[in-house]
Amino acid sequence: MRLIPDAEHDDLHLGDRPLIVCDVDEVVLEFVTPFEAFLTGEGHELRPTSFRLHGNVFNRTDGSETPGEEVSRMLEAFFESHDEWQTPVVEAADSLARLSEQADVVFLTAMPPRHREVRRRLLSRHGFDYPMIASEAPKGPAVLALHGDRPQPVAFIDDIFVNLQSVRSHVPQSLLVNLMANDTFRALAPHPGDGIDIATDWAHAEALINAHISARSD
């Protein structure tokens with residue numbers, strides 16, 4: 001079964017429990033910091049002045065801005081071997097393990113599905129043995145397809161405001177949590193919008209989700 005067009009996913013068997021849908025990059029796996037290390041090996045560097053990669057990558061030799069197509073090429077190369085670079089976000093594994101005692105957890109990662117197997121192995125290596133969906137499609141329809149009209153509480157965690165707003169439009173009863181591991185990019189990020197909670201770390205996110213589940217279950 002394909003939940004959304006062009007998505008690749010593990011077997012999904014949701015129980016009669018709350019649902020937590022969780023992004024991967026910058027939420028459970030570090031992305032910006034390892035990508036910076038990858039760029040250094042490629043002779044480039046990230047100089048973040050805005051909440052984006054393209055336009056913020058520069059050649060270390062002459063200081064020139066790296067063309068967008070070259071940044072895209074390096075991103076593709078990074079994803080081909082990201083299991084050699086990315087490490088877990090602090091407290092992500094422990095928080096999700098506790099939350100999974102009362103809720104179903106599903107990863108929804110916005111990456112090319114062709115890299116799904118590499119990411120699946122990396123997540124499992126670090127104890128993130130939750131089903132994963134890989135898709136570059138909007139996240140709102142995916143969460144709606146997952147949750148449908150189930151009465152149980154649902155929470156969505158992501159670092160990108162567009163994804164959070166997409167879920168808000170399609171599943172308005174969701175708890176929406178904005179979480180980003182990298183301090184530099186978090187400071188540059190636009191406000192995610194009304195009705196979206198900004199978590200400072202996983203402990204904060206876990207507390208928000210627990211409160212949401214408790215309130216909806218009363």
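1. A residue is called buried under 20% relative accessible area, exposed over 50%, and partly exposed in between (1.4 Å probe, protein chains only). Buried residues make up 50% of the 218 residues here.

2. This is a predicted model: local features need pLDDT of at least 70, side-chain atom pairs count only at pLDDT 80 or more, and totals for chains, interfaces and linings use all residues. Numbering runs from 1 along each chain as its sequence is written, and side-chain values use heavy atoms, with hydrogens and water left out.

3. The protein has eight helices and nine strands. Both are DSSP runs, numbered from the N terminus: helices are H or I with at least four residues, strands are E with at least two. The C-alpha trace spans about 60 × 35 × 30 Å along its principal axes.

4. Now the contacts, meaning heavy atoms within 4.5 Å. Of those with a separation of 6 or more, 67% join residues 24 or more positions apart.

5. Where does Asn56 sit? Asn56 lies in the loop between β3 (44-46) and β4 (57-59). Asn56 is buried, at a relative accessible area of 1%.

6. The side chain of Asn56 has polar atoms close to two backbone oxygens. That of Ser50 is 3.1 Å from one such polar atom. For the backbone oxygen of Arg52, the distance to a polar atom of this side chain is 2.7 Å.

7. Which residues does Asn56 touch, leaving aside neighbours within four places in sequence? Asn56 is in contact with Glu45, Leu46, Arg47, Pro48, Thr49 and Ser50.

Notes:
Polar contact = N/O pair within 3.5 Å; in protein donor to acceptor, adjacent residues only side chain to side chain.
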